2 protein chains.
Amino acid sequence: MAYEQLKLENQLCFRLYTAARLTMGVYHPYLDPLGITYPQYLVLLVLWEQDKQPVCDIAKKMMLDTNTVTPLLQRMEKSGLINRTRGKEDSRQRIVSLTEKGKAMQEQAKHIPECLSNDVALKTGDAEEIVKMIPTLDKLIDGLKKVE
Amino acid sequence: MAYEQLKLENQLCFRLYTAARLTMGVYHPYLDPLGITYPQYLVLLVLWEQDKQPVCDIAKKMMLDTNTVTPLLQRMEKSGLINRTRGKEDSRQRIVSLTEKGKAMQEQAKHIPECLSNDVALKTGDAEEIVKMIPTLDKLIDGLKKVE
DNA sequence: CAATTTTATATCGTTCACGATGCAAAATTA
DNA sequence: TAATTTTGCATCGTGAACGATATAAAATTG
């Protein structure tokens, strides 16, 4: 009845989409107590690496557009994790900086990557093989990302 | 400043999340003319493979919960792709079936997987390596999916 | 310098994802 | 059979994604 190529089980994208959703789910027990979501955690990773960045830099690193990042940052400002001030040289820019609360959260979060790695290893039985996908995923992402 | 493990570039999940988003983006030029979204396309894949399924079966195949699938199906019913009738044996169930429009769309969609594959190969230069991730993604998904 | 284009950000509307909760029908248990 | 539990689906609220559009500031061009 169905064309072979139209079977769900033959879709790469469906797997990426599902794997991403399920992997984000593994973060829940660690992020919920901190009161943040996975995308918010990504913003914090970016800011912990370098504080005080304009929205466009954060968006570029997360490979999202500002129409996704702006509301995300607005929510984070409301929950007291960041501040958004006008740029001094370029007044179009909004410089995003960590509050004390945002900075302090780094200490609570520093074990998350290790916990995740352990959880995934435990659940899948073999994290080695999974981590080996990283270069290929990078190649895929690099090929598909918009040229600027 | 930042803990090494807290750098964005060391995150597997971020790559899955980004790869999934970008890959879904490649579907846009093919799905937009059909007036459907990627999750709606997945529902159609499921129904083309086997028509007349209860919501729970569709949800299980898509690895989503009914609170995501129900509104999705409601939108698809509104746009005339499917019908949702009460189950005869089990009246709790909603049996989802393709309309003529939903069935006819299969013909228009049958080249999409091939187009996608070509597009990805063209953009990344090497689709071989990417397709090789499938068994590993399946292992990851299988390990992370909820036990029922 | 004036006009035009680009850039940085924001807003709006629609569709998902998903936790929490509700409800009625079916299945199970006492 | 009556009481309880489970199952199938739906609703609600929140937070993303993202296309389309808007706006003001900067950069570029004429």
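On the face of α8(B) that is turned away from its buried side lie the exposed residues Pro135(B) and Asp142(B). The model described here is a predicted one, and in it the buried residues of α8(B) are Leu137(B), Leu140(B) and Leu144(B). Viewed down the axis of α8(B), these buried residues fall within an arc of 60 degrees, so they line one face of the helix.

The contact between the two chains involves 50 residues of chain B and 50 residues of chain A. On the side of chain B that touches chain A, at least two residues each are supplied by α1, α2 (38-49), α5 (100-109), α6 (112-124), α7 (127-131) and α8 (134-144) of chain B. The largest share of this side, 13 residues, comes from α1(B). Divided by class, the side of chain B that touches chain A holds 29 nonpolar, nine polar and twelve charged residues. Tyr17(A) belongs to helix α1 of chain A, and it counts as buried because 23 C-beta neighbours lie inside 10 Å, the threshold for a buried residue being 20 or more.

Chain B is superposed on chain A by a rotation of 180 degrees with 0.0 Å of shift along the axis, at an RMSD of 0.0 Å. This is the relation of a two-fold axis. The same surface serves both copies, in that 100% of the contact residues of chain B recur in chain A.

As for the fold of the individual chain, the secondary structure of chain A comes to eight helices and three strands, which follow the pattern α-α-β-α-α-β-β-α-α-α-α when read along the sequence. The C-alpha trace of chain A spans about 60 × 35 × 25 Å along its principal axes. Of the 148 residues in chain A, 30% are buried, and among contacts in chain A between residues at least 6 apart in sequence, 40% join residues at least 24 apart. The largest nonpolar core has 72 residues, and the residues with the most contacts inside this core are Leu16(A), Val43(A) and Leu47(A) together with Leu16(B), Val43(B) and Leu47(B). Val43(A), with residues up to four places away in sequence not counted, touches Ile58(A), Leu72(A), Leu73(A) and Met76(A).

At least two residues each of the surface near DNA strand D are supplied by α2 (38-49) and α4 (66-78) of chain A and by α1 (12-31), α3 (55-62) and α4 (66-78) of chain B. In composition, the surface near DNA strand D comprises seven nonpolar, ten polar and eight charged residues. DNA strand C is likewise surrounded by 25 residues, the closest being Pro54(A), Cys56(A), Asn67(A), Gln93(A) and Thr37(B). For the surface near DNA strand C, the elements that each supply at least two residues are α1, α3 (55-62) and α4 of chain A together with α2 and α4 of chain B, and the residues of that surface divide into seven nonpolar, ten polar and eight charged.

With 17 other C-beta atoms within 10 Å, Thr37(A) is partly exposed. The C-alpha atoms of Thr37(A) and Gln50(A), which stand 13 residues apart along the chain, are separated by 20 Å.

Backbone geometry is of note at Met63 in each chain. Met63(A) has a positive phi of about 55 degrees although it is not a glycine, and its place is in the loop between α3 and α4 of chain A. Met63(A) counts as partly exposed, with 16 C-beta neighbours inside 10 Å. In chain B, phi of Met63(B) is near 55 degrees, again a positive value in a residue other than glycine. Met63(B) is located in the loop between α3 and α4 of chain B and, with 16 C-beta neighbours inside 10 Å, counts as partly exposed.

How values were computed:
Residues are numbered from 1 along each chain as its sequence is written. Chains are lettered from A and ligands numbered from 1 in the order in which they are written. This is a predicted model: local features need pLDDT of at least 70, side-chain atom pairs count only at pLDDT 80 or more; totals for chains, interfaces and linings use all residues. Helices (H or I, at least four residues) and strands (E, at least two) are DSSP runs, numbered from the N terminus. Ala, Val, Leu, Ile, Met, Phe, Trp, Tyr, Cys and Pro count as nonpolar, Asp, Glu, Lys and Arg as charged, and the others, Gly among them, as polar. Copies are superposed by least squares on the C-alpha atoms of residues with pLDDT of at least 70 in both. Two residues are in contact if their C-beta atoms, placed from the backbone, lie within 7 Å. A residue is buried if 20 or more other C-beta atoms lie within 10 Å of its own, exposed if 12 or fewer, and partly exposed in between; C-beta atoms are placed from the backbone. A nonpolar core is a set of buried Ala, Val, Leu, Ile, Met, Phe, Trp, Tyr and Cys residues joined through C-beta atoms within 7 Å. A residue is near a molecule or strand if its C-beta atom, placed from the backbone, lies within 6 Å of it. The arc is that of the directions from the helix axis to the C-beta atoms.
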